Amino acid sequence: MKVWSKIAALTAACMMAAAAANAAEITVAASGGPLPDVMGTLVPMFEKASGHKVKISFKAQPAISADVKQGVVDLIVTNTEVVDELAKSGDVDGNAKTLLMISKVGLAVKAGAPKPDISTPDKLKAALLAAKTVGYSQGASGQPFLTVVQKLGITDAVKAKAVITQGRPVGAAIAAGEAEMGVQQVAELLPVPGIDFVAEMPGELQKQIRYSAAIPAKAKDAGTARAMVQFLRSDEALAVLKRKGMDLP
């Protein structure tokens with residue numbers, strides 16, 4: 001038994017050494033918004049499953065494009081529009097771009113506060129007009145929200161009581177009592193403590209924000225990058241995306 005135990009231990013050690021020898025490290029650049037929370041969960045899962053290491057940073061879209069052109073990243077995860085532009089210019093492989101997730105915009109209130117009915121445009125309009133303060137950002141969800149209030153004909157009324165957040169989630173302003181209600185991507189609202197998610201924007205006023213992965217033409221390790229994309233489309237990863245408030249393509 002002792003001999004077999006030693007053989008088993010030696011075999012396991014050899015397998016671990018082989019895995020370590022084949023392990024790679026890739027550099028990933030991703031957008032902000034909900035992605036730091038989402039990718040912050042998925043990256044360790046990929047590392048554990050594959051043995052590879054991932055060096056990830058979160059940047060504004062111009063910085064991501066610059067990294068791609070300079071050849072300093074192996075994989076990007078960002079707005080699909082950015083990926084499509086980089087594909088047109090030949091900076092990413094048009095055959096190596098993958099739609100990963102679809103983010104929607106929603107509304108939240110402070111934990112325990114009454115939840116307004118926003119199931120139709122008219123009901124959303126009434127809720128926004130009734131609120132004393134309304135929080136939103138200047139990011140990917142903020143600009144579409146301004147389009148929404150313009151369509152509803154209440155731009156001046158909402159801007160007069162706006163709480164515009166910078167460098168922190170809209171949910172943080174809601175939890176602190178600075179905004180009675182707030183609008184942001186659902187996946188950005190859900191992780192914030194002290195707030196209650198109400199609902200997504202009603203259908204015709206909804207903004208879908210698509211996030212894709214792409215492998216730059218100058219990637220140093222396209223193979224490992226492809227492995228990570230495959231993992232991000234696995235059942236295990238898709239379950240995380242759904243839990244985080246993302247829709248699946």
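Trainee: At what angle do α2 and helix α10 (residues 222-232) pack?

Mentor: The angle is about 115 degrees, and the axes of α2 and α10 lie 10 Å apart. Axes here are lines fitted to C-alpha atoms, for helices over the stretch in contact, and angles run from 0 to 180 degrees between N-to-C directions. The helices are DSSP runs (H or I, at least four residues), as are the strands (E, at least two), numbered from the N terminus.

Trainee: Is this model predicted or experimental?

Mentor: It is a predicted model, in which local features need pLDDT of at least 70 and side-chain atom pairs count only at pLDDT 80 or more, while totals for chains, interfaces and linings use all residues. Residues are numbered from 1 along each chain as its sequence is written, and side-chain values use heavy atoms, with hydrogens and water left out.

Trainee: Which residues of α2 meet α10?

Mentor: From α2 come Met39, Leu42, Val43, Met45, Phe46 and Ala49; they meet Thr224, Ala227, Met228, Phe231 and Leu232 of α10. Contact means heavy atoms within 4.5 Å.

Trainee: And which residues touch the most other members of the largest nonpolar core?

Mentor: Those are Leu42, Leu107, Leu124, Leu128 and Met228, in a core of 53 residues. Helix α2 (residues 35-50) supplies its largest share, seven residues. Such a core is a set of buried Ala, Val, Leu, Ile, Met, Phe, Trp, Tyr and Cys residues joined through side-chain atoms within 4.5 Å; buried means under 20% relative accessible area, and exposed over 50% (1.4 Å probe, protein chains only).

Trainee: What does Leu42 touch, not counting residues up to four places away in sequence?

Mentor: Leu42 touches Phe231, Leu232, Ala237, Val240 and Leu241 on that count. There is also a second, separate core of eleven residues, Ile64, Ile76, Val82 and Ala87 among them.

Trainee: Changing topic, which residues of helix α6 (residues 142-152) are buried?

Mentor: They are Gly142, Pro144, Phe145, Val148, Val149 and Leu152. Down the axis of α6 these buried residues fall within an arc of 155 degrees, so they line one face of the helix. The arc is that of the directions from the helix axis to the C-beta atoms.

Trainee: What does the face of α6 turned away from its buried side carry?

Mentor: That face carries the exposed residues Gln150 and Lys151.

Trainee: What covers the buried residues of α6?

Mentor: The cover includes α5 (121-130), β6 (134-137), α7 (155-159) and β8 (181-185). Just after α6, Gly153 takes a positive phi of about 75 degrees.
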